[in-house]
Amino acid sequence: MLVALLPGDGIGPEIITQARRVLDALAIEGLVYEEALVGGVAYKAVGHPLPPATLDLARRADAILFGAVGDPDCDALERHLRPEQAILGLRKELGLFANLRPAKMFAELADASTLRPEVASAIDLMIIRELNGDVYFGEKAMRTTADGQREGYDIMSYNEGEVRRIAHVAFRTAQARRGRLCSVDKANVLETSQLWRDVMIETAADYPDVVLSHMYVDNAAMQLVRNPGQFDVIVTGNLFGDILSDQASMCVGSIGLLASAALDGAGKGLYEPIHGSAPDIAGQGKANPLATVLSAAMMLRYSLGLPDQADRIEAAVARALAGGARGADLGGTMSTAQIGDAVVAAL
Ligand code: GGG
């Protein structure tokens, strides 16, 4: 089984190093790794954030473990050369349309949440973010209006096939959990959201055992802070899912804890922490590697058919946290490598 390692920019290499140490400690037979450049480092080395060799490796691999992309040195580049285009390109080229972003409160961290402990302790939700559509991939440009003003636009669009396939992933996920699916949209304002809601209702007919509800995104943002325990599975579009999952991360204590899987529906997946490259702390050993370690666990579960090994990693993370493994993001003093040590020791 081939795993593509794409560390990327900023803190990406540090967090991937710790995830790799945890994977190595499991001594899984037949697992091989190949590494490639992606993001700003790739642009600086070969002039493109997603070089053909990287895309080729990603296509050949059974799974991809991805760090982060984003580099302030690249801020002035044309959009198609910016580091973020690498992750958008991988998602599109590989058809990775279903993004699973679990947010579960570790009992050991109830005090680290921004929420009251009794509210935080009830959090166990899965955000399913559609990854191949929305304003991220619609036509976009900067133009000059008739009266000489600069005007930027990004077309938001979804077709019903795109909505239906993510709906099926969401309903099946809810079936395997507590049977409740909340579809988040802005159907009182947006045509894309009206289509989204219609298709969710149509798809619900195939899943009579799942209770479907709908929520406007502004209300969902408020409810995530007021009473996150009400949610089981949330399904939403690309932009809303990006925002709501960052919000959910602080409800469980830190963005450094949230893992994700981007799936093609046929077994292939890209696994990455939901956070970015954090250039302000890159190279200082301050990054929390747990989101990446937990992403590696998702990789074992969803792409490599090793759920028991995934369970082992998740249990080790919980034990490490119980033992006090906390970096600066959680009010502790441990370095990136020390947190990795704690997880390896807890395996
Ligand atoms: N590990 C996540 C990461 O690198 N995020 C940077 C980024 O630009 N992400 C875009 C997105 O998630 O939509």
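## The annotated domain

UniProt positions are given here in the numbering of this structure, feature names are shortened, and an annotation may be inferred rather than shown by experiment. The model itself is predicted. An unreviewed UniProt entry annotates residues 2-343 as "domain: Isopropylmalate dehydrogenase-like". This span is 40% helix and 20% strand. Its end C-alpha atoms lie 23 Å apart.

## The sheet

The strands come together in an open sheet of 10. Their order is S2-S1-S3-S12-S11-S4-S5-S10-S8-S9, and the pairing is mixed. Which strands stand at the edges? They are S2 (32-35) and S9 (211-216). Each has a single partner strand, so one side of each has no neighbour in the sheet. On average, neighbouring strands are turned by 25 degrees against each other, direction ignored.

## Strand S10 and its partners

S10 pairs in the parallel sense with S5 (residues 124-130), over four bridges. Arg129 has Thr236 of S10 as its bridge partner. S10 also pairs in the parallel sense with S8, again over four bridges. In that strand, Val235 is the bridge partner of Ser183.

In a regular strand, side chains alternate between the two faces of the sheet. S10 (residues 233-236) can be read this way: Val233 and Val235 point one way, while Ile234 and Thr236 point the other way. Are these residues buried or exposed? All are buried.

## Helices across the sheet

Helix H8 (residues 217-226) lies across S8 (180-185) and S9. H8 runs at about 100 degrees to S9. Helix H10 (residues 290-302) lies across S3 (63-68), S11 and S12 (269-273). The angle between H10 and S12 is about 160 degrees.

Ala53 lies in helix H3 (residues 52-60). Why does Ala53 count as exposed? Ala53 has 12 C-beta neighbours inside 10 Å, so it counts as exposed. Tyr43 is 10 residues from Ala53 along the chain, and their C-alpha atoms are separated by 13 Å.

## Around the ligand

Which residues surround the ligand? They are Ala68, Val69, Gly70, Glu84, Ile87, Asp242, Glu272, Pro273, His275, Gly276 and Ser277. Helix H4 (84-93) and strand S12 are the elements that give two or more residues to this shell. By type, the shell holds four nonpolar, four polar and three charged residues.

Note on methods:
Residues are numbered from 1 along each chain as its sequence is written. This is a predicted model: local features need pLDDT of at least 70, side-chain atom pairs count only at pLDDT 80 or more; totals for chains, interfaces and linings use all residues. Two strands pair if DSSP finds at least two bridges between them. Axes are lines fitted to C-alpha atoms, for helices over the stretch in contact, and angles run from 0 to 180 degrees between N-to-C directions. Two residues are in contact if their C-beta atoms, placed from the backbone, lie within 7 Å. A residue is buried if 20 or more other C-beta atoms lie within 10 Å of its own, exposed if 12 or fewer, and partly exposed in between; C-beta atoms are placed from the backbone. A residue is near a molecule or strand if its C-beta atom, placed from the backbone, lies within 6 Å of it. Ala, Val, Leu, Ile, Met, Phe, Trp, Tyr, Cys and Pro count as nonpolar, Asp, Glu, Lys and Arg as charged, and the others, Gly among them, as polar.
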